[in-house]
Amino acid sequence: MISFLVLTQWAFGQSTITGTVVDGETSDPIPGVNVLVEGTSKGTVTDINGTFSLNVESGKTLLFSFIGYETQKIVVGNQTQINISLSQDVETLEEVVVVGYGEQKKKVVTGAISSVSAEDLESLPINNVGQALQGRTAGLTMAAPSGQPGSVATIRVRGITTLNNNDPLWVVDGVIVDNGGIGYLNQSDIESIEVLKDAASQAIYGARAATGVILVTTKSGKKGGIKVNYNGYYGTSAPARKLDLLNAREYATLRNESSLAAGDGIVFENPQELGEGTDWQDQIFNNDARRQNHEVSISGANDVSDFYLSFGYLGQDGIVATDISKYERYNVRLNSTHKIKDWLTVGQNLGYSHEKSVGLGNTNSEYGGPLSSAINLDPTTPVYETDPDRLNSPLYPDDSLKGVMAPNGLYYGISEVVTQEMANPLAFIQTRLGNYNWSDNIVGNAYVELTPIEGLKIRSTIGTKLAFWGSESFTPEFYFNPSNYNARNSFGRSVDRKRDWNLENTISYSKKVGDHDFTVLLGQGAYRDSYNTSVNLYAYDLPINSFDEGSLGWNYLPKDTRGGGGEAVPHKVSSLFARVNYDYKERYMLTAVIRRDGSSNFGKNKRYGYFPSLSLGWNASDEPFWPRNEVVNFLKVRGGYGVVGNDNIGPLNFVSIIGGGRNYAFGNNISQGFSPNALANPDLQWEETTQINVGFEATVLQDFSVTFDWYKKITTGILRTPDIPGYVGTVSNPAVNIGDMENSGVELDLGYSKQIGKLGITVNGNVSYLHNEVTNLGSRNYYDEASFQGSTDPITRIAVGQPISSFYGYKIIGVFQNEAEIASYTNSEGQVIQPDAVPGDFKWADLDDSGSIDTDDRTFLGNSIPNWSYGLTVKLNYQNFDFTVFGQGVSGNQIFQGLRRSDIKAANYQKAALGRWTGEGTSNSYARLTDKDDNYNFGRPSDFYLEDGDYFRIKTVQLGYTLPNSMLSDVGITSARVYLMAENLFTFTKYTGYDPEIGGGVMSIDRGIYPQARSFMVGVSVSF
């Protein structure tokens, strides 16, 4: 709405325009309105009475803008006074976010909640919904466990909270699903994702919210007739980088050197004749891996019903060993709502997916597989063996185990020097052809909602997740090397089933009395999950040679079969919860929550827990006394405190389980019996996390948005198994609540949006800092954690006073250059610390000044979890063109670069080994090479293996063009857009491995990570 009064005073050229701006509904003056002459960068702001005055030429356009109101334009004529009435921007004022069991206007939300909208997800190459949050949400630490298609990201909300399962709680349309099962979702079906980060917003989910809560809402039909949308892209992927490994000539030279240093003879007579040799990376990497995604949706709504129906297909080839690295997913979704009566509404959300994946299995492992073998296998071994003498040598022992034959009729080459798990990667691929995993997921809910009187809603919802998954596999007879072979073929099939459900009943009542607005929610819930059953059967020595011939229908003897099965103990939760939301004039806000949960994972003494929270908010800029200015246009201050829990610790830890296989002596006879595995602990209870959060949200200079949060959360009663004396007579230790941990941090989100003529600019960035510290481990000060093949000691440690999973080992202070340096390296008492060292060995730090190097000289070397995480999105649009670039990164962590198997002395090296110590002054950072490593130069976990894990990655770049409506209207198309897109375009890092982004149980340990691909795609979006 806009009205203006033109006075009869005429002016020519430039004149002074005065006026007043008021609220269109209340007629109250609006101070602080920005008044700008279109096309200029300087304007004026209305004073406390809503009045303004500025000089402007006739014919110019004035822009009146203020947060919460629609921007108005007025063309200046000959008037000298203009009275403006601004209409409230309903869309902005009514913007809502999803909270537990409902929605709230964003303006009155008092918790720390981050949102990602459907607009942020459109046309993105997202295989798993978790990827949509990376770099777009402050407070999340995320990393891919591998680049294999179909892998699920590791997500941590405000750090690691427990020493057990840290996956957040996912709730899709009210149905709880596990982190691994979230992959069934198609990102095009998602309306919004909300991340509940503080305990005040999480407490409504009580006992399962300590590790964070992520709410996913899928799309529904919108009014305006039937709409049909198609979105799809097609492209190719390739490795972004390769390792600098030694070629055959360099490898042979270093192998000779290492062998001679150990007192043995040379291995290769003439290294120079070997040339480049085999590049195993070239053999397994695919530079043209195909990738495609297609999604069609049909939706519509009227006053009675709405529906949303979609179909999707995703297919992606892996860039490593593509024949055994693929992923496909088919999706179907149907959401609908029906208003049966004015007081009765029913609805449902139902999604189905079928997934088929072919994977390497060990995507970050030093124990063989295509990638680890390609890194460690010597380049002197040929891909195919053509030498008759070698074919008749002990490398190929007999006709029954004579290696693996390639499709071209040749045998794959077998290394003479690198054995153990390492094998010709092409031979490995040949033995896995056809094998696959599959899954079918059905996730949905149905609800009935009654509104008997205005403001009162009674709702009953039943939700379920039905999951069926399994595998089909054939393993032929094969011979890779003397320690890696299979003498019996086998065909196997496994089938698993999971049936989870939840039933929730809620009553909510909303009422506005004058300027007081409140909503009360009461609820009850019953949940069952983790009820899994499984069966599997393997048949051996079948008369077949390939997967395609595999079947359990062959005739086989019982002795040639192996079967098994299992059944999990279901996890059950019973809940009561309540919430009160209150605000006064949307200026003062209060939210209070209480939830009572009972869990089957605990005994009767501690089965129930209570989880309260309280949060307050103040929209300071709505105060009458707020100074109206053009700097801070909107300011909300909020804070909260709450308690949440974690019961994700597995079943039956509180009871004493009986186990078999124990031998007892009765006289001269030995009998097998049963005994308790561990002592019972009826007082086992929740892991409890308390959190305080203080933050503010502001709009600055009309175009800038700022959100800031500071938090501190403390977890107590973390479940561990302390050591008990052996004389107790149990074979394992009981579960006890003994651990404590603390996380604290700050989060900052910044946004900028501006329309300058025909150019639109939107910039969003976020950065978060996290500090983690283990504060209590009961009677112990530490637990050793991750290990590495070939390492003398564990490489990470959980210890009091340190961040969780810190790297732990020996410090290197240089390389001994001569005998004099060895002799002069003494402790405070003059003892020679490394008397057995020789020039070229690492000089280890004697931290305890004992005069020798032993396990007491280990120390904390670095953090496996980044302290800093950040992201940046820039969007530009000009007329029909749009451009988006998105980047994300982390800082503050180290990476354990364990790509080379140090226990395999003949394993290949990276080029850095060419800079090893070869004589006095040649190197002070890379020790000499020797097959007899008495100084444990490469066998000890040390800072030699640690590298800076900082990186910044240009994750997505997209250029789009929307076709003009004049080209589309005649064919019935309402909109059409084509776009070009690149993913993982550049990664800026000092790390020398494949990929600095390494997730998993313990982050930042590179055992041979399957790298993320660089992809280029072309796509189209069409609406009818």
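Mentor: Strands here are DSSP runs of E with at least two residues, and helices are runs of H or I with at least four, numbered from the N terminus. This is a predicted model, where local features need pLDDT of at least 70, side-chain atom pairs count only at pLDDT 80 or more, and totals for chains, interfaces and linings use all residues. Residues are numbered from 1 along each chain as its sequence is written, and side-chain values use heavy atoms, leaving out hydrogens and water.

Trainee: What makes L980 part of a strand?

Mentor: L980 is found in β53, residues 975-989, and a strand is a DSSP run of E.

Trainee: Why are β51 and β54 called edges of their sheet?

Mentor: The open sheet has 3 strands in the order β51-β50-β54, with mixed pairing. β51 (946-948) and β54 (1005-1006) each have a single partner strand, so one side of each lacks a neighbour in the sheet.

Trainee: How do you know that β50 and β51 pair?

Mentor: Pairing takes at least two DSSP bridges between two strands. β50 and β51 are joined by 3 bridges and run antiparallel, so by that definition they pair. Within this arrangement, Q894 stands opposite D948 in β51.

Trainee: Which residues does F896 touch beyond its neighbours within four places in sequence?

Mentor: F896 is in contact (heavy atoms within 4.5 Å) with F788, I795, F807, Y945, L946, S1004, I1005 and D1006.

Trainee: What makes a group of residues a nonpolar core?

Mentor: The members are buried Ala, Val, Leu, Ile, Met, Phe, Trp, Tyr and Cys residues joined through side-chain atoms within 4.5 Å; buried means under 20% relative accessible area (1.4 Å probe, protein chains only). The largest such core has 73 residues, and V320 and F896 have the most contacts inside it.

Technical notes:
Buried < 20%, exposed > 50% of the residue type's maximum accessible area, 1.4 Å probe, protein only.
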